[in-house]
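Hi everyone, thanks for coming. Please have the viewer open, and let's walk through this one together.

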Amino acid sequence: MCGIVGIVGKSTVAQSLYDGLTVLQHRGQDAAGIMTVDEGSLNLRKANGLVRDVFHTRHMKRLTGNMGIGHCRYPTAGSSSSAEAQPFYVNSPYGIAFAHNGNLTNAAEVRDELFKKARRHINTTSDSEVLLNVFAHELYQKEELTLTPEDMFDVVSKVHKQIRGAYAVVATIIGQGLVAFRDPNGIRPLALGKRVTPFGDEYMVASESVALDAVGFQFIRDVAPGEAVFVTEQGELHTQQCFESPSHSPCIFEFVYFARPDSFIDGVSVYASRVNMGRKLGEKIKKEWSDLDIDVVIPIPETSMDVALQIANTLELPYRQGFVKNRYIGRTFIMPGQTMRKKSVRRKLNAIPSEFKGKSVLLVDDSIVRGTTSEQIIEMARESGAKKVYFASAAPEIRFPNVYGIDMPSANELIAYGREIDQISDLIQADGLIFQDLGDLIESVKEENTAIPCFETSVFDGDYVTADIDQAYLENIDIARCEQARKAPVLQTELTNLDVHNFDSE
């Protein structure tokens with residue numbers, strides 16, 4: 001999962017790109033980058049680290065130009081090599097800067113085909129570079145020096161036919177403009193916004209609507225599944241559907257965990273959907289746990305706070321903040337590597353003993369993935385004097401790998417894989433454990449937009465919307481992940497700050 005932004009403006013866009021990435025920091029904390037276009041040249045700054053640490057005043061001054069894109073990276077396979085920081089760049093045709101959120105499911109075969117038919121070398125293990133080169137190769141087939149919107153939409157249509165998986169893309173093309181497009185299933189989100197200035201209209205695309213709000217752009221709408229947006233360098237907006245039969249299956253985990261509560265995705269208020277999750281889970285707890293002596297409801301900050309408050313209201317129980325979060329520690333779920341996650345839990349949270357001592361507490365979290373965080377938090381509650389510790393998850397049991405850009409590609413890492421709820425409860429040492437039902441989760445989100453026909457829910461039910469995932473595919477991912485973990489110490493010693501071309505070195 002990553003965050004992407006792109007702007008075509010009437011003045012320098014670097015600050016707006018920076019501000020947009022800062023708001024999208026929750027989508028990726030491993031690396032960040034901005035590439036701008038200025039009078040036929042590309043200017044790049046990208047490096048490992050948080051947005052605030054990657055960009056200093058000297059970098060921002062060199063990111064000149066009225067058009068650009070930005071990216072904050074979350075490594076879905078645990079690699080944090082800065083060689084895979086985005087945006088990526090190819091010089092032919094035209095000069096293309098490219099950023100991608102999601103994950104391709106046929107990257108390996110496309111990589112091989114690219115070399116055979118186009119002699120294109122992929123320099124990293126990133127599927128984003130594969131996607132960039134497919135796009136660049138199709139663009140190369142156009143012989144015109146100046147592309148029409150129809151040319152651009154034809155290129156995106158041909159990309160759609162070759163690529164499978166989840167992808168939201170933004171790219172700038174020197175001399176042409178900015179193009180953005182979304183996969184035909186609409187798995188990953190993409191929003192379009194507009195800002196009116198005395199010098200003309202400016203356009204922006206971003207992973208979440210909240211990034212548009214942060215820099216003063218008015219949300220227009222979500223980019224539709226399979227649709228492409230093309231904004232010329234002069235600021236003319238063109239859009240077109242580029243896939244014959246798109247579906248609409250947004251990733252439901254965006255609403256459970258990834259997206260900010262103040263975002264709207266596909267017409268759904270993330271905040272409202274989480275309130276709905278809390279209400280439905282509260283009703284289930286009331287029905288199935290009516291005999292339990294719960295004294296207080298305590299959220300595990302921060303994603304679950306809205307859910308927990310609604311659970312408390314439904315159960316007519318006190319709601320308390322029992323944990324203080326260190327806001328300078330990143331989201332533990334998206335940290336690369338299990339060791340890093342384990343070390344970060346106690347650095348991230350500190351219990352308030354008075355809220356636990358002598359009480360039977362109901363802890364609420366958004367989900368349970370590996371169980372690492374849940375087990376340690378329950379231990380913290382007991383150390384603080386809790387008499388009993390019950391645990392509620394706003395999401396159902398995560399039993400299957402994710403192949404669309406969330407870092408849960410191995411079933412063996414999932415605590416619910418092959419286990420019943422009682423077994424999971426024993427492993428995390430809870431006195432009781434309850435999960436949201438999948439039907440209730442879907443209904444919680446769909447209540448906010450009944451026009452969405454279905455959701456991508458593969459981590460819960462094993463139903464992959466791209467219909468190209470089998471057991472052999474998942475086993476290959478497992479093997480690749482183990483190999484990558486073995487090489488991880490080497491990768492960590494690679495370049496820590498990558499700047500190329502016009503692209504400043506420090």
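This is a predicted model: local features need pLDDT of at least 70, side-chain atom pairs count only at pLDDT 80 or more; totals for chains, interfaces and linings use all residues.

Residues are numbered from 1 along each chain as its sequence is written, and side-chain values use heavy atoms, with hydrogens and water left out.

Let's start with helix α9, residues 270-288, and helix α10, residues 305-315, which pack at an angle of about 40° with their axes 7 Å apart. Helices here are DSSP runs of H or I with at least four residues, strands are runs of E with at least two, and both are numbered from the N terminus. The axes are lines fitted to C-alpha atoms, for helices over the stretch in contact, and angles run from 0 to 180 degrees between N-to-C directions.

So how are α9 and α10 placed relative to each other? They are oblique; under 35 degrees would count as roughly parallel, over 145 as roughly antiparallel, 65 to 115 as roughly perpendicular, and the rest is oblique. α9 passes α10 in a right-handed crossing, where the near helix is turned clockwise from the far one by less than a right angle.

Which residues meet there? On the α9 side they include Y271, R274 and L281, and on the α10 side D306, V307 and I311 are among them. Contact means heavy atoms within 4.5 Å. The residues of this contact divide into eight nonpolar, four polar and five charged. Here Ala, Val, Leu, Ile, Met, Phe, Trp, Tyr, Cys and Pro count as nonpolar, Asp, Glu, Lys and Arg as charged, and the others, Gly among them, as polar.

α9 has another partner, helix α14, residues 438-446: their axes come within 8 Å and cross at roughly 145°. This crossing is right-handed too. From α9, S273, N276, M277 and K280 meet D440, L441, E443, S444 and V445 of α14. By class, that contact has three nonpolar, three polar and three charged residues.

Now look at helix α12, residues 372-383. Its 12 residues reach 17 Å from first C-alpha to last, close to the 16 Å expected at 1.5 Å a residue; the expected span is 1.5 Å times one less than the number of residues. Among its buried residues are T372, I377 and M380, where buried means under 20% relative accessible area, exposed over 50%, and partly exposed in between, with a 1.4 Å probe and protein chains only. After α12 comes G385, with a positive phi near 105°.

Next, the cis peptide bonds. One joins Q86 and P87, with omega about 10°, and P87 is found in the loop between β4 and β5. Another joins P301 and E302, with omega about 5°; E302 is in the loop between β16 and α10.

Are they buried or exposed? E39, in the loop between β2 and β3, counts as exposed at 80% relative accessibility. D266, in the loop between β14 and β15, is buried, with a relative accessible area of 5%.
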